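Subject: Structure handover

Hello,

Here is the structure I promised to pass on. Please open it next to this email. My notes follow below.

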Amino acid sequence: MIHSTRRPSVGDMPVRRLGLGDLRDCLMLAIDRQWLPEEAKWRLLFEVGEVYGIDDPGGGLAGTAVLARYGRDLGAVSMVLVASRYGRMGLGRRLMLHVLDRAGDATVFLSATEYGRGLYQKLGFRAVGRIVTHIGHFRPEPEDFKHDGLRPAREADLAAIRGLDAHASGAPRTGLITRLSSIAERTWVAERGGKVVGFGAAWRNVDNVVVGPVIADSTAMARGLIAELASELHAPVRLDLGADHADHTDLAGWAAARGVRPAFTTTLMTRGGPLPGARARIYTPVMLALG
């Protein structure tokens, strides 16, 4: 008997909701695309988002995409990955159409590499900004620790932290911020007149510590929070910094002068409307995948 080795057509490969039991295959797919196997990141995405995938009949996954919902009106799309053996067969488009259908009428945003930007534009996304990822060992200066009112967060601060995040992001992200508070190595707040007015968190990824989110009402406050979060980590620090707002550009120069230098750039894209919230207050996101 002769067995066909022809791959099935894209239309014959259904999209399904993945679960934690598929984590290993997600990590293997990332490795196939020369991404790091970021287990902590994927676990968080499974907890706060909807992870979709297409099974490879030969084993493993042919592709993935993630949708994280923030209320009914905002969502983040990420981890649009297609196995190299299925490149240019339309699986990325199929996965994107699936998550966009799931998102309904919500405004959706994502961070696009140069390789995915063309597909997203064809699906109605438009570029609204740039994000420059900085990575390096943080070397603070004494003046970085002179901002008043900064202290480690306490459990009683969580409600205020959620409120600050909701105001800045323009949507309720209670599940994400609550979960982040349990996995972050450090969480600091800025207090003024007995009220929490800013905060930041740092959480450990595979080969660095991500400092994010940092939500502040001034660049000076953001610098102070980052300095407290990033000092004494003994690991490279990652900062995802906006490149289109003057205050954020100043912060990028400050970070580079302290050893956390530009590594790569992605494009912030939206579909369905402008991003809500007080976005200028978000100096770094939780991660590019979640905003």
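Is W42 buried or exposed? W42 is buried, with a relative accessible area of 0%. Buried means under 20% relative accessible area, exposed means over 50%, and partly exposed is in between (1.4 Å probe, protein chains only).

First, the ground rules. This is a predicted model: local features need pLDDT of at least 70, side-chain atom pairs count only at pLDDT 80 or more, and totals for chains, interfaces and linings use all residues. Residues are numbered from 1 along each chain as its sequence is written, and side-chain values use heavy atoms, with hydrogens and water left out.

Helix α2

Helix α2 covers residues 39-48. Helices (H or I, at least four residues) and strands (E, at least two) are DSSP runs, numbered from the N terminus. The buried residues of α2 are K41, W42, L44, L45, F46 and V48. They pack against α1 (23-32), β2 (50-55), β3 (61-70), β4 (74-82) and α6 (174-183). Contact here means heavy atoms within 4.5 Å.

Aromatic pairs

The structure holds three aromatic pairs. One of them is W42 with F46, a tilted pair at 6.4 Å centre to centre and 40° between the planes. Both residues lie in helix α2, four residues apart, about one turn of the helix. F46 counts as buried, at 13% relative accessibility. Y120 and F125 form an edge-to-face pair, 6.0 Å centre to centre with 65° between the planes. Both Y120 and F125 are buried. For the terms: rings of Phe, Tyr and Trp (its six-membered ring) pair if their centres lie within 6.5 Å; planes under 30 degrees apart count as stacked, over 60 as edge-to-face and the rest as tilted.

Charges over rings

The charged end of R17 sits over the ring of Y52, 5.9 Å from its centre. R279 lies over the face of F109, 5.8 Å from the ring centre. The cut-offs: NZ of Lys or CZ of Arg within 6 Å of the ring centre and within 35 degrees of the ring normal.

Backbone

Most residues other than glycine have a negative phi, and most peptide bonds are trans. The bond from G212 to P213 is cis, with omega near 5°. P213 is found in strand β10 (residues 209-215). R88 is not a glycine, yet has a positive phi of about 60°. R88 sits in the loop between β4 and α3 (91-103) and is exposed, at 89% relative accessible area. E232, also not a glycine, has a positive phi of about 60°. E232 lies in the loop between α7 (219-230) and β11 (237-242). At 65% relative accessibility, E232 counts as exposed.

Best wishes
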